[in-house]
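Please read the points below alongside the display.

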Amino acid sequence: MTNQTTDHRFRSRDENLRLYLAGPLFSAAEREFNKNLKSMLSPFFSVYLPQEDGGLMVEMIEKGMHPQRAAQCVFTMDVNAIDECDVLLIILDGRAVDEGASFELGFAFARGKECFGLRTDPRQLLATGNNPMIESPLRHIFEDVDSLISWAKEYGLRDVPLSAPSNAKEILTVSSVNAR
């Protein structure tokens, strides 16, 4: 083990925070929206977009990979990317939130990541909003891309810890110690 004097708990201003962009990616329109959103967020975050930075199962299978192996590759790449991200942004558009993105949100929240949503589409499954298991982990839901980008300009440039507590128990423990 080496003795390092630099405090690595905080990211330098030269490094962007890592953002995982969770959303549907099965239609050409969805993939194009995701790609454009990544482009707009990239000046403020290092954006992981599964369709580009991970892989699409369909393409893996077309190249000869067995479907089960392709599914496991996608799962492993995306879970590892969530583990390494600082922030998760989930796209909430559509009558129901994408199942894969819902899992990614839950996994990120359980890992102590800060989670945000973007809903540009007024359709939703419940009259009262999305399922509380989707909306409750979100610190904020943006209703348009412009407000998301305004937030990104401020949020992406702040100094934050590199790692967040991995579960709610740790968060409560840290809060209790700091309150003393």
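1. Two strands are taken to pair if DSSP finds at least two bridges between them. Strands (E, at least two residues) and helices (H or I, at least four) are DSSP runs, numbered from the N terminus. On that basis, E1 and E3 run parallel and are joined by 4 bridges, with Leu21 having Leu89 as its bridge partner in E3.

2. The model is a predicted one, in which local features need pLDDT of at least 70 and side-chain atom pairs count only at pLDDT 80 or more, while totals for chains, interfaces and linings use all residues. Residues are numbered from 1 along each chain as its sequence is written, and side-chain values use heavy atoms, with hydrogens and water left out.

3. The strands form an open sheet of 5, in the order E2-E1-E3-E4-E5, with parallel pairing. E2 and E5 stand at the edges with a single partner strand each, so one side of each has no neighbour in the sheet. Direction ignored, neighbouring strands are turned by 25° against each other on average; here axes are lines fitted to C-alpha atoms, for helices over the stretch in contact, and angles otherwise run from 0 to 180 degrees between N-to-C directions.

4. E3 and E4 pair in the parallel sense over 5 bridges, and Leu89 has Phe116 as its bridge partner in E4. Between E4 and E5 (residues 138-142) there are 3 bridges, also in the parallel sense.

5. How many residues of E4 are buried? The count is 5 of its 5, where buried means under 20% relative accessible area, exposed over 50% and partly exposed in between (1.4 Å probe, protein chains only). Glu114, Phe116 and Leu118 point one way from E4, and Cys115 and Gly117 the other way.

6. The largest nonpolar core has 21 residues, and Leu37, Leu41, Phe45, Leu89 and Trp151 have the most contacts inside it. Such a core is a set of buried Ala, Val, Leu, Ile, Met, Phe, Trp, Tyr and Cys residues joined through side-chain atoms within 4.5 Å. Helix H7 (145-155) is among the elements that each supply at least two residues, and its share, 6 residues, is the largest. A second, separate core of 18 residues includes Ala22, Cys85, Ala108 and Ile134.

7. Helix H4 (residues 67-84) contains Phe75, which counts as partly exposed at 42% relative accessibility. H4 lies across E1 and E2, running at about 140° to E1; contact here means heavy atoms within 4.5 Å.
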